[in-house]
Amino acid sequence: MYKEYRDVTINGAVSQMYSEMAGRHRAQPGTIQIINTATLAPSQCKRDHVLEMHNSSLKYPVIRKVPLVAKRLRTTFKARRPMTFVR
C-alpha cells in the first residue's frame, strides 16, 4: 500500500499514518510494517489531497480573536446575537 502525508517531519507523517490506519482499518501499531519513508519533491507526489496543497496562490481564512467583555458587563442571556468579528 502506498501512502503520502504532508507534515513538517517524517515522525509527524508516521504518526499521521498510524492514526489513519487505526481509524480506517482498525490496525494496531504492532501489526503495521513500514518499509520505506522518504521526503518527496512536489513533482514526485501522486495523491490528489497532497497535490492540491502545491498551489502557490493558496489562501486561508484570517481568524480574528474576539476581545473578552468585562466581567461586570457579562450576562447569562442576551437579547441580541453576539458580534463574532472585530471591526
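Helices (H or I, at least four residues) and strands (E, at least two) are DSSP runs, numbered from the N terminus. The structure is a predicted model in which local features need pLDDT of at least 70 and side-chain atom pairs count only at pLDDT 80 or more, while totals for chains, interfaces and linings use all residues. Residues are numbered from 1 along each chain as its sequence is written, and side-chain values use heavy atoms, with hydrogens and water left out.

Start with A79, which belongs to the segment after α2 (48–51). A79 is exposed, at a relative accessible area of 90% (exposed means over 50%, with a 1.4 Å probe and protein chains only).

Next, select Y2 and K46. The charged end of K46 sits over the ring of Y2, 4.7 Å from the ring centre (the rule asks for NZ of Lys or CZ of Arg within 6 Å of the ring centre and within 35 degrees of the ring normal).

Now select K3, E4, Y5, T37 and A38. Of the 28 residues that line the largest pocket, these are the closest to its centre (a pocket is an open set of points on a 1 Å grid over the protein atoms alone, where a 1.4 Å probe fits, with protein on both sides within 12 Å along at least five of seven lines; lining residues have an atom within 4 Å of a point). Helix α1 (residues 10–25) gives the largest share of this lining, five residues.

Finish with V69, K78, R80, P82 and M83, which lie nearest the centre of the second largest pocket, lined by 14 residues.

Methods
Buried < 20%, exposed > 50% of the residue type's maximum accessible area, 1.4 Å probe, protein only.
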